[in-house]
Amino acid sequence: MIKVEELRSKLKTVFGYDSFRGTQEKIILNLLAGKNTFVIMPTGAGKSMCYQMPAIMSEGTAIVISPLIALMKNQVDQMNAVGVKAGFLNSTLTKTEIKRIKKNTLNGELKLLYIAPESLTKPENIDFLSQAEVSFAAIDEAHCISEWGHDFRPEYRRIKSIIGELGNIPIIALTATATPKVQLDIQRNLQMEEADVFKSSFNRENLYYEVRPKKGVKKQLIKFIRENEGKSGIIYCLSRKKVEEIASFLKVNGFNAAPYHAGFDSAVRIKNQDDFLNEEVDIIVATIAFGMGIDKPDVRFVIHYDVPKSLEGYYQETGRAGRDGLEGQCIMFYSYNDILKLEKFNKDKPVTEKENSKVLLAEMASYSESAVCRRKQLLHYFGEEYKDSHCRESQMCDNCKYEREKFEGKEDVKKTLEAVLQTKERFGLNHLVSVIRGSQNQYVKSYEHDKLAIFGAGKDQDDAYWTTVIRQTLLNEYLYKDIEYVGVLKLSQKGKDFLKMPQSVTLYKDLDYSDVDEIEDEQNELSTNIHKGDGYDKVLYELLKAERKKIAKVKALPPYVIIQEPSLQEMATTYPTTKEALSNVNGIGMGKVQKFGASFIKLIQKYVEENDIDIEDVVVIKTAGSKSKNKIYIIQQIDRKIGLEEVAEQKGWTMETLLEEIEHIVFAGTKLNLDYYLDEILDEDLQEEIMDYFMNAESDDIDLAMEEFEEDLGEEDLRLMRIKFISEYAN
Ligand code: ADP
């Protein structure tokens, strides 16, 4: 019999922690008593401890089944670092490594053996495991068992039969996401319906949830990030293409952002992830491939640029904000177009999967469009009732923060409950809507529901109205979802009591997203923000030019290095009077503002004042303009340190074209670091000499430079060095 004291002292000696968190201790004791155990705990709450500690305390080896191959090595390293012998079996190992792991398991050395599900199902591994002394099996990310979860993995369904072959060993299943339906699925599939369930609250009080119409998103994004400058944040996009586009867009606008998705080389992924963890980079723009196992405590915002595929996924991703219990803003941009797009992606999936995805998407849409407290909706989705008024008092979601349109729902809730009762608690939302509205469809007729008293009782309102009424009747717990039959709604005790004595119920009108049209919007966004250059203030322009000359003289730099003409023209159009505003001018980044900005700002301020010019407080967005596609491509390739020959070749360009493109980018104010390439082709001393030359030359003319360096250097080399010079001194 394990003593609690023994556990606690091990916790201190092995892990260095003073006490168990939440229900960890109870869970550990339960498993050590040989009982099947089911743990549902939010991310970061400390699930791993629930099997690590029992593994240490037991004879033999515990097997841990986990789908996250990338994280296995981490976990094993962590265990080995605290002196607990652990290993893993997955497809990344060589034959020799596999042999060694097997040997160490069979001779009882390993306390923990992590296995990927696809390795577990291999016959040779089943054989090997049946020879080993297995203390228990932990099934991590157990929601992967369920087709109703957001991350279904068919191999997970075979786990139980394989474990069964190893004898009667206890099972601990763990997940951070499980709707009641998924929970049932997991327990059934693992044949552990009798298991003790330890479910922690999923409420994250410090997280603020908001859904915004997906309209003028880029503008909103810039504004939000500017207000939260310097804070760590994650922006999730659905496609790799969007990830790259948004990361570049943010960079062009002077933010410290990096992209992340599974299509990058692992070296780039690791670098960008590390840069984010080490705060070299503030914002990571990523697909959902990013974040699994990322334990950065001070992520201050998580933005969903696109609508996620399910509320489970959404909740997991937002869960990465504010892990330290401090600020965490979760903003999602919503448009029904996104839902339709996602539905289209699903069209080639097998029928059941397609249907499931559709249900998940419908939940996502209804969450987004509802004016009911977000927290209440999210927790309800995970089977938790949120009664607290804390969210409203502290305004921790948009629906609690802003005034939403309400109405008295007593009569409609009554009609809803009557409809459920009269149809014998055997139907789902859509059918109930048809019955209440009096729609004569084939189903209604086949069940003779058109003969019911409730038929047509709500014909004055439309489908959308009844859909939200029924959903809110569910959210308010008058109804509950039947877990066995997906979609079927039944009367709860609260609902039965209500019918006996109806009371006032406040319902909310859905939010109106009808004017969201993303495509048109993006075009508008671009066209209003590209500054064409004509129609600028000529007087101011001349003043700015004179100022530039002055600064160039003082700084002993050529004027072209200070600010380029098109930027001056833009300044004479937008009248930037603050550092922020100036840094928004195309061709001028914050670096340039710090270096040369002050006197320009002063000049414009004076000019604006003297001439009574009204500057609107608009958010100006930099776009990369018509050449944006090439620009983004080039910035990305250079970020990835791809050789320039290869960059040109991929586009079918000559080196000349590529150089022109790069010059265009750099002369417009973007910093590009070509050192990785230059260091290969020119030695250090020569580079220094050329930099010196450009610093002292009258003009940046390449012909003049060629005369100076005569045969030593070609035109290409000099142009590349000029790019380096402008990048370093001007941008
Ligand atoms: P989950 O798997 O639930 O997302 P982890 O198991 O990764 O969470 O644990 C999250 C963090 O909490 C880890 O850094 C872990 O070391 C730490 N942790 C777990 N249990 C305790 C404890 N009892 N005391 C202090 N820290 C703990």
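**Note on the predicted model: a loop lysine, a ligand site and a helix pair**

1. Lys 309 sits in the loop that links strand 12 (299–304) to helix 13 (311–318), where helices (H or I, at least four residues) and strands (E, at least two) are DSSP runs numbered from the N terminus. Leaving aside residues up to four places away in sequence, Lys 309 touches Leu 238, Leu 342, Leu 360 and Leu 361, contact meaning heavy atoms within 4.5 Å. Lys 309 and Leu 238 are 71 residues apart in sequence, with 8.9 Å from C-alpha to C-alpha.

2. This is a predicted model, in which local features need pLDDT of at least 70 and side-chain atom pairs count only at pLDDT 80 or more, while totals for chains, interfaces and linings use all residues. Residues are numbered from 1 along each chain as its sequence is written, and side-chain values use heavy atoms, with hydrogens and water left out.

3. The ligand has 14 residues around it, of which Tyr 17, Ser 19, Gly 44, Lys 47 and Ser 48 come nearest, a residue being near if one of its heavy atoms lies within 4 Å. An N or O atom in the side chain of Tyr 17 is 2.5 Å from a ligand oxygen atom, and the corresponding distance for the side chain of Lys 47 to an oxygen atom of the ligand is 2.8 Å. Of the 560 Å² that the ligand exposes when taken alone, the protein buries 72% (Shrake-Rupley method, 1.4 Å probe).

4. The axes of helix 31 (residues 644–651) and helix 32 (residues 655–667) come within 9 Å and cross at roughly 100 degrees, the axes being lines fitted to C-alpha atoms over the stretch in contact, with angles from 0 to 180 degrees between N-to-C directions. The two helices are therefore roughly perpendicular to each other (65 to 115 degrees).

Note on methods
Polar contact = N/O pair within 3.5 Å; in protein donor to acceptor, adjacent residues only side chain to side chain. Parallel < 35°, antiparallel > 145°, perpendicular 65-115°, else oblique.
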